[in-house]
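Have a look first, then read on.

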Amino acid sequence: MHHFLPNGQELWIRPAKPEDAPALLDCYRQTTKETDFLLNTLTEAQAMNLASERSFIQSFGDNSRHLLLLAEVGGQIVGSVTVKQSSFHKQRHLGEFGIAVQHAYWNLGIGRRLMTAMMRWAVQHPEIIIIHFNVLANNEKAIQLYRNFDFTEYGRQPQAIWQPDGTFVDLIMMCKTVK
């Protein structure tokens with residue numbers, strides 16, 4: 001999918017390929033430097049290697065039950081969205097969602113476009129009925145984006161995240177029935 005951003009740059013949303021591993025790993029490491037809204041710490045992201053990243057990408061490419069899309073601007077990967085269908089037969093109707101966008105590209109509509117692409121995929125998926133995920137309670141912009149897509153809060157885990165500065169943050173569980 002091709003889009004134009006408010007700043008005039010072109011955005012491409014496309015499936016990941018194994019050869020994207022170095023750029024996707026760099027993007028993720030950069031994102032962990034910029035925000036504490038992700039579960040991995042910078043140290044954990046730095047410990048990831050190209051082989052595991054290629055394997056991660058391949059696990060999506062080899063499986064139509066899962067989704068991994070990249071956001072690319074100017075030939076650089078700046079974000080991604082994932083959905084993993086549950087591996088348990090009794091939960092095959094569930095898809096767990098994740099999204100990340102580099103800070104320099106926030107507020108340009110990239111998250112919204114990734115969400116739109118993900119929702120289109122989920123609606124067409126033969127088994128997924130519910131998309132669910134967790135979000136840090138202090139990630140107000142993301143929560144508003146999810147609410148704009150009609151996701152609702154169904155639970156909260158108090159003090160589930162211990163931030164590097166020593167503070168605790170609740171984890172909000174959100175979901176949406178897509179069909």
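Contact here means heavy atoms within 4.5 Å. Angles run from 0 to 180 degrees between N-to-C directions, and axes are lines fitted to C-alpha atoms, for helices over the stretch in contact. This is a predicted model, where local features need pLDDT of at least 70, side-chain atom pairs count only at pLDDT 80 or more, and totals for chains, interfaces and linings use all residues. Residues are numbered from 1 along each chain as its sequence is written, and side-chain values use heavy atoms, with hydrogens and water left out.

Q: What does α3 lie across, and at what angle does it run to β4?
A: α3 lies across β3 and β4, at about 55 degrees to β4. The names come from DSSP runs numbered from the N terminus: helices are H or I with at least four residues, strands are E with at least two.

Q: Why is α1 called roughly perpendicular to α3?
A: α1 and α3 (residues 50-61) pack at about 105 degrees, with axes 9 Å apart. Angles of 65 to 115 degrees count as roughly perpendicular (under 35 is roughly parallel, over 145 roughly antiparallel, the rest oblique), so α1 is roughly perpendicular to α3.

Q: Which residues make that contact?
A: Ala21, Pro22, Leu24 and Leu25 come from α1, and Leu50, Glu53, Arg54 and Ile57 from α3. They divide into 6 nonpolar, no polar and 2 charged. Nonpolar covers Ala, Val, Leu, Ile, Met, Phe, Trp, Tyr, Cys and Pro; charged covers Asp, Glu, Lys and Arg; the others, Gly among them, are polar.

Q: What makes β1 and β2 a pair?
A: Two strands pair if DSSP finds at least two bridges between them. β1 and β2 (residues 10-15) are joined by 3 bridges and run antiparallel, so under the at-least-two-bridges rule they pair. Phenylalanine 4 stands opposite glutamate 10 in β2. The two strands form a hairpin with 5 residues between them, and glycine 8 in the turn has a positive phi of about 90 degrees.

Q: How do you know that β2 and β3 pair too?
A: 5 bridges join β2 to β3, again antiparallel. Arginine 14 has leucine 70 in β3 as its bridge partner.

Q: Why is the pairing of the open sheet called mixed?
A: Strands pair either parallel or antiparallel, through backbone hydrogen bonds. The 8 strands run in the order β1-β2-β3-β4-β5-β6-β8-β7, with mixed pairing. β5 and β6 run parallel, joined by 3 bridges, while β1 and β2 run antiparallel.

Q: Which are the edge strands?
A: β1 (2-4) and β7, since each pairs on one side only.
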